[in-house]
Amino acid sequence: MNFTPTEEQLAVQKTAREFAQNEVLPKAAEIDREHRHPAELVKRMAELGFLGIAIPETYGGSGFDHVSYALAMEEISRACASTGVIMSVNNSLVCDPIYRFGTEAQKKEWLTPLASGKLLGCFALSEPEAGSDAAAQKTTAEKQSDGTWILQGTKNWITNGPVADVCVLFTMNDKAAGHKGITAFILPMKTKGVRCGTPDEKLGIRGSKSSQIFLDDVRLPADALLGEVGGGFKIAMSTLDGGRIGIAAQALGIARAALEDSLAYAQQRRTFGKAIVQHQAIAFKLADMATEIDAARLLTLRAAYLKDHKQPYGKEAAMAKLYASDVANRAAREAIQIFGGNGYVTEYPVERHFRDAKITEIYEGTSEIQRLVIAGHLAKGG
Ligand SMILES: Cc1cc2nc3c(=O)[nH]c(=O)nc-3n(C[C@H](O)[C@H](O)[C@H](O)COP(=O)(O)OP(=O)(O)OC[C@H]3O[C@@H](n4cnc5c(N)ncnc54)[C@H](O)[C@@H]3O)c2cc1C
């Protein structure tokens, strides 16, 4: 593995950093405070090619690799974790499975506008009673004699749901077959019978709109099927493997925000006649944060590199997400400590990092589920 980024990867990182610093960061506090979907930033990400970074240009993407994707995700999430997850879902959870499992016609109809950012996507696997236990799907898909499908059910906490144009949706079409009875569809959100609930009121990532999606007698044509009948669970699990690289990079961005904000604060805040960074107790916190962030980045880039080189990466992506999300939470907690009273008030950014960090331990598989995934690979000798 080469530790030197390519010219192309550096260029993507630079573009993302400048966009994040100049356009995203100045709005991050307001997006959080107002619980506002940052439509204008999503539009800019489309212009910059950030909504389909690793999708080939022939399908509307930017044609870069997953290392570039992880680098860009870190930069954007460093400025605003809400904007980061909007980008991550469209790239990892929507474009990626349509690219890997869609027909040529589906790629032309859906992937091209999604990867170029003309449309925004969401991914609906979770249900009120099927989160970690994703195979316990209750949403049904029944095939009709004319080949169309009728869908019924409720999806929960779907990121981008209220603002999405298209959904990669998972349903149960054969309960007796267990996880082999799960089937995926591409669902246009304007289809009759599709309705989003009120956006979730959340602890953090408040600019990311998530909600329930209600499916009431939704009729889809045969060509809305993504992959094979009964192949949905494989699509979902392999998609989440890739998604975890994006969430690890999001966590990394939040952790870096906590470190950079803390370092700047510790250099100017004075107690007992010196800058607090000169108190060893504070300096050691910063040293630990920086070390853990570097380790998390190496795990994340390794997983992305393996995906780019078509090598198995499920275990490595789970390790990256598990560790990076832990680091983000620890770094954000320590950042509040370094800021003291100012860390606890909304005038300063670190309480936002603290609230944003928590979700990275929950979505796309909780930390407990990451450990199960890693242990499963170990048991198989992987
Ligand atoms: C803001 C937000 C955005 C989300 N976005 C999406 C989205 O876009 N699409 C989507 O499909 N889903 C989304 N989710 C759902 C998310 O993926 C689930 O919340 C998550 O997978 C956990 O499922 P659960 O909430 O049902 O918890 P549960 O599965 O009920 O788990 C509860 C607790 O038990 C633990 N646990 C469960 N099973 C085990 C086990 N076998 N061993 C050890 N511990 C276990 C869990 O780790 C957790 O600590 C989102 C959730 C949130 C909060």
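Mentor: This is a predicted model. Start with the largest pocket, which holds about 1100 Å³ of space. Its lining has 41 residues. Nearest the centre are Ser 126, Ile 362, Tyr 363, Glu 364 and Gly 365.
Trainee: Which helix gives the most to the lining of the largest pocket?
Mentor: That is α10, with five residues. The lining as a whole divides into 21 nonpolar, 12 polar and eight charged residues.
Trainee: α4 also supplies at least two lining residues. How do you know that its span agrees with its 21 residues?
Mentor: Take 1.5 Å a residue, and α4 should span 30 Å. Its end C-alpha atoms lie 29 Å apart, so the span agrees. α4 does bend, by about 35 degrees at Cys 95. Pro 97 follows within four residues.
Trainee: What makes the pair of Tyr 265 and Phe 339 stacked?
Mentor: There are seven aromatic pairs in the structure. In this one, the ring centres are 4.1 Å apart and the planes lie at 15 degrees.
Trainee: Why is the pair of Phe 339 and Tyr 348 called edge-to-face?
Mentor: Their planes are at 65 degrees, with centres 5.8 Å apart. The cut-off is over 60 degrees, so the pair is edge-to-face.
Trainee: Are Phe 339 and Tyr 348 buried or partly exposed?
Mentor: Buried means under 20% relative accessible area. Phe 339 has 5%, so Phe 339 is buried. Tyr 348 has 24%, so Tyr 348 is partly exposed.

Key
Residues numbered from 1 in each chain as written. Predicted model: local features only at pLDDT ≥ 70, side-chain atom pairs only at ≥ 80, totals over all residues. Heavy atoms only, no water. 1 Å grid on protein atoms, 1.4 Å probe; cavity = no way out; pocket = protein on both sides within 12 Å on 5 of 7 lines; lining within 4 Å. Points joined across faces, edges and corners; volume = space filled by probe spheres on them. Nonpolar A, V, L, I, M, F, W, Y, C, P; charged D, E, K, R; others polar. Expected span 1.5 Å × (residues − 1). Bend = angle between axes of the 7 residues up to and from the residue. Phe/Tyr/Trp six-rings, centres within 6.5 Å; stacked < 30°, edge-to-face > 60°. Buried < 20%, exposed > 50% of the residue type's maximum accessible area, 1.4 Å probe, protein only.
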